[in-house]
Amino acid sequence: MSMKSRVIYGIDIARGSSRSKQAARYALVILDNDSVTYHTMISLHRILRMVRQDVPSIIAVDNIFELAPDKKTLVHILDGLPSDVKLVQVTGGIKQEGLLHLAHKNGLNFDPKDPIEEAEACARLADMGVGCEVLLFEDVTRIKVSRSRSLGRGGWSQNRYRRKVHGAVKVKSREIEATLKRASKERNFTFTTKAVEGFGGYVRCEFIVYARRSSVPVSSYSGSDVQVKVTSVVGDKIRYRKLKSSGRMPTIVGIDPGTTVGIAILSLEGELLYSGSSRGISFDEVVKLIADYGKPAVVATDVYPMPDAVERVRRSFNAIAYSPGAEIPAEEKIAMGRPYDYSNDHERDSLTAAVSAYKKYKTLLLKVDRKTPTDVDKIKVKLKVIQGLSIGDAIEQVRNEDVVRHTPVSESVESRRDEGEIRNLAENLKKKIEELEELQEYIGELKADIESKDEKIRNLEKKIKKMREASYETIQRDKEIRIRNEHIARLKKDLKRSKKNLLKSRQLTKKLKQIKKLESTGEGIPIKVISSFTAEAIKHISSLYGLKKGDVVFLRDPSGGSAVTATTLADFEVRAVLVPDSVAHAAEKVFFERNVPLLHKLEVKVVGDFAVVAPDDLDAAIAKWEESAAERRHKKEEEELHHLVDEYRSERRRGIV
């Protein structure tokens with residue numbers, strides 16, 4: 001398939017590997033109409049820069065994982081390239097053929113040890129339409145509009161600033177929505193919108209557009225208040241699509257009609273040429289797409305009878321109609337589509353129709369391959385066999401057509417026919433006419449039988465339709481009741497949970513009121529409760545309620561404390577630390593040195609993160625601790641003095657002083 005006015009890149013790895021730590025080097029051959037450009041030992045980074053500049057129609061390789069070690073990296077590479085550039089694996093998709101075999105098959109010769117020649121072979125084969133396009137992205141584009149900076153904690157003007165940013169997001173979202181509405185009518189795509197409202201506008205807005213990124217007239221953008229990010233949706237797995245063939249080869253086409261049309265195209269050898277689905281595609285576009293891959297010999301559907309939309313396509317190509325005698329179960333559809341690759345139910349159903357039709361003719365087509373002589377076109381024979389001829393008659397007819405096409409009729413043959421031969425021909429013609437009349441009479445009888453059977457079938461179909469409608473209504477009603485019951489059960493659970501939380505909140509409020517009353521009457525001093533003696537717990541209470549100079553804190557669990565956590569707590573200059581049990585020696589030493597009273601076993605009334613203690617008990621405990629601390633400091637000073645005296649005496653004895 002020679003395509004004019006386009007650039008094709010052929011790439012082959014020359015040194016290293018995409019999986020190695022050292023960057024690989026590549027051989028690059030560029031086909032630009034009749035000119036060929038060669039590049040050796042070039043980096044992938046430079047190739048990608050050249051692709052963004054030249055925008056070739058195809059990048060051809062023999063193995064896509066020569067460019068990247070895995071799918072994630074390959075997606076990252078292709079996402080940064082122009083959306084019109086196709087990545088083609090010339091050796092095929094899931095089932096691959098060797099590059100050398102493909103080259104010989106298509107009349108090319110190259111040295112497999114020379115990367116430049118191998119890269120050129122890839123480009124030439126892609127130019128002929130050999131290989132499969134690698135599809136990493138769905139025909140879906142995501143547009144996300146959001147603020148471009150964090151709002152922060154703010155100050156007096158925080159609400160005004162938030163309203164400004166959210167308003168800008170809303171305005172930008174509406175501009176994009178208007179652009180998509182205009183483009184959707186021109187380019188036949190649909191889209192959905194989901195916005196999260198905020199103070200003064202939108203916090204963010206997301207559009208899902210059911211079209212390729214190249215068809216969406218919105219670009220990524222970043223401003224002072226708003227940013228727009230446009231990305232293609234990555235598929236679950238790598239898919240392959242056969243390149244379009246230039247010949248008008250017979251094909252088997254499966255169609256799933258509807259708002260979203262699924263189309264699958266097989267060759268007469270059962271090879272998948274195309275599989276895809278499109279929303280809102282017109283009849284003319286369907287016909288054009290199918291015609292690009294050949295001339296349909298069979299147009300198939302997976303339901304019976306054939307829908308009018310499919311029948312209209314079949315008549316456009318004058319193809320043989322195929323539909324199954326009964327509905328195909330979903331499990332069987334999945335099994336038929338499993339050897340191929342499909343993205344949704346529409347593609348699966350169209351594949352089911354095409355594969356089912358191919359299986360019907362498969363045995364017959366294999367017989368054609370075995371019985372057809374090498375000097376007769378097998379494709380033409382297969383087409384005539386599908387149209388109803390026997391294999392022998394089809395071979396003879398194709399051979400006669402070739403003779404008529406290539407060999408002129410000799411006038412001398414007609415001149416040598418004698419009168420006897422003419423009489424024999426006249427008698428044979430008379431017999432044939434009699435046989436034809438008998439056959440026409442028999443055909444009339446068969447047509448009458450067919451009409452009678454068709455009438456029975458129509459009556460049965462009406463009964464089946466009524467039964468299905470009644471069954472469908474029952475199923476829908478049961479489904480709605482089940483959904484409603486599940487929703488009621490969820491609401492009951494939420495209500496029970498809310499009542500439980502409300503009861504806890506009331507109990508906590510009651511206790512807090514008691515603490516507030518004790519505080520207001522002077523009967524109690526409020527205490528902030530820290531659950532454990534860790535830096536995280538201290539910071540949590542500080543950020544939640546604030547810790548300031550003069551606060552009294554209660555360590556619910558003082559175990560595990562260290563000098564660091566004690567220093568963190570002492571830095572807040574708290575008045576006292578209450579503990580139910582002893583603390584680590586290192587922590588106690590820090591509290592002593594920082595003059596923070598560490599009080600044990602005081603009677604404390606705890607409610608959540610707050611507690612109260614009697615003022616007299618607290619003052620007495622602090623006074624007692626200070627008295628003990630003073631004695632401890634005095635004792636420590638005496639010990640230090642004795643130590644200095646002992647050192648002085650020791651130095652005198654040694655004659656140092």
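1. A cavity here is a set of points, on a 1 Å grid over the protein atoms alone, where a 1.4 Å probe fits but cannot get out; lining residues have an atom within 4 Å of a point. Grid points are joined across faces, edges and corners, and a volume is the space filled by probe spheres set on the points.

2. The model is predicted: local features need pLDDT of at least 70, side-chain atom pairs count only at pLDDT 80 or more, and totals for chains, interfaces and linings use all residues. Numbering starts from 1 along each chain as its sequence is written, and side-chain values use heavy atoms, with hydrogens and water left out.

3. Searching the whole structure gives two cavities of 30 Å³ or more. Helix α1 gives the most, with four residues. Helices (H or I, at least four residues) and strands (E, at least two) are DSSP runs, numbered from the N terminus.

4. The second largest cavity has a volume of about 50 Å³. Leu135, Arg239, Tyr240, Arg241, Leu272, Ser275, Asp341 and Glu347 line it. β10 (226-242) and β13 (272-279) are the elements that give two or more residues. The lining of this second cavity has three nonpolar, one polar and four charged residues.

5. What does Arg239 pair with? Glu138 forms a salt bridge with Arg239, the closest N and O atoms being 3.9 Å apart. A salt bridge needs a side-chain nitrogen of Lys or Arg within 4 Å of a carboxyl oxygen of Asp or Glu. Arg239 is buried, with a relative accessible area of 12%; Glu138 is partly exposed at 24%. Buried means under 20% relative accessible area, exposed over 50%, partly exposed in between (1.4 Å probe, protein chains only).

6. Asp225 and Lys164 meet in a salt bridge at 2.4 Å, N to O. The pair links distant parts of the chain, 61 residues apart. Asp225 is buried at 11% relative accessibility, whereas Lys164 is partly exposed at 46%.

7. Lys333 and Asp302 form a salt bridge at 3.0 Å, N to O. Lys333 is buried, and so is Asp302. Salt bridges that share partners join Asp302, Lys333, Asp345, Arg348 and Asp349 into one network.

How values were computed
1 Å grid on protein atoms, 1.4 Å probe; cavity = no way out; pocket = protein on both sides within 12 Å on 5 of 7 lines; lining within 4 Å. Nonpolar A, V, L, I, M, F, W, Y, C, P; charged D, E, K, R; others polar.
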